[in-house]
Amino acid sequence: MLPSLVAFDLDDTLYKERDFLRSGHRVLARTLADATGANAEELFTLISDNHPRGIEAALAMLAAKGLDIPFTVDALVEIYRNHTPDIQLSDGAEALLTRLKGAGHRLALITDGSPRHQRGKIAALGLDRFFDPDTIFISGETGGDKHTPLPFRLAEERFGASVSRMYYVGDNLAKDFVHPNLRGWTSVMLLDTAGVNVFPQHIGAWPAVHRPRVIVSGFDCLWP
Ligand SMILES: [Mg+2]
């Protein structure tokens, strides 16, 4: 029997995006604390609570204290963008990827974002153990995000007749399931049981074509 293609989303599927944001906020807080002598914890809380205007909030607080700030907003944004993220795979993700690979299934990663950002996350999570370079589709490199059929079509072209079924595992009702559904893939939504995803999963608010065919509460439910 032919293997299946199991393609994964990255953000809020294989790891929690909240952890990526926090990791960046921590680097900013430490940078500003080291430069000004202000309290790093206080800065971290301020930056996190005011996301996505955290940098402005931190600079306003430091200015109000009369502290000299040797950074522009742009310089801080660059530090945030270039930091090596401190993130971990979601519970059960490593075991599932290992299981699928061991069973001979084909794996792909389909993710939206800038190559620099997404490749930094892929490296930090060690995902190159599971995904070959030609099975990673990043919208900033392919030229089409998941609101379009492009990344799914590219995956079909890559794996062609070598697989019998195609699955897409994601979290985002706006764009993760509609094109897989229209192309006959099996769409799978990982439920945000902790309620921390950047995009809340209000499934009832979406038309049927946007909804996943399968909903699971954890990776241990998949291909057990
Ligand atoms: Mg996602």
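Reader: Which residue just after H3 takes a positive phi?

Author: The model is a predicted one, and the angle is therefore a computed value of that prediction. Just after H3, a positive phi of about 75° is found at Gly66.

Reader: In H3, which residues are buried, and how do they lie around the axis?

Author: The buried residues of H3 pack against H1, H2 and helix H4 (73–82), whereas the face turned away from that buried side carries the exposed residues Ala63 and Ala64. The buried residues are Gly54, Ile55, Ala58 and Leu62. Because they cover an arc of only 100° around the axis, they lie on the same side of H3.

Reader: Which residues of helix H2 are buried, and within what arc do they fall?

Author: On the other side of H2, Glu41 and Asp49 are exposed, while the buried residues pack against helix H1 (17–36) and helix H3 (54–64). Those buried in H2 (residues 40–49) are Leu43, Phe44, Leu46 and Ile47. They line one face of the helix, because seen down its axis they fall within an arc of 165°.

Reader: Which members of the largest nonpolar core touch the most other members?

Author: One of these residues is in contact with Ala108, Leu109, Ile110, Ala155, Tyr167 and Tyr168, leaving aside residues up to four places away in sequence, and that residue is Ala7. Of the 37 residues in this core, those that touch the most other members are Ala7, Leu109 and Tyr167.

Notes
Residues are numbered from 1 along each chain as its sequence is written. This is a predicted model: local features need pLDDT of at least 70, side-chain atom pairs count only at pLDDT 80 or more; totals for chains, interfaces and linings use all residues. A nonpolar core is a set of buried Ala, Val, Leu, Ile, Met, Phe, Trp, Tyr and Cys residues joined through C-beta atoms within 7 Å. A residue is buried if 20 or more other C-beta atoms lie within 10 Å of its own, exposed if 12 or fewer, and partly exposed in between; C-beta atoms are placed from the backbone. Two residues are in contact if their C-beta atoms, placed from the backbone, lie within 7 Å. Helices (H or I, at least four residues) and strands (E, at least two) are DSSP runs, numbered from the N terminus. The arc is that of the directions from the helix axis to the C-beta atoms.
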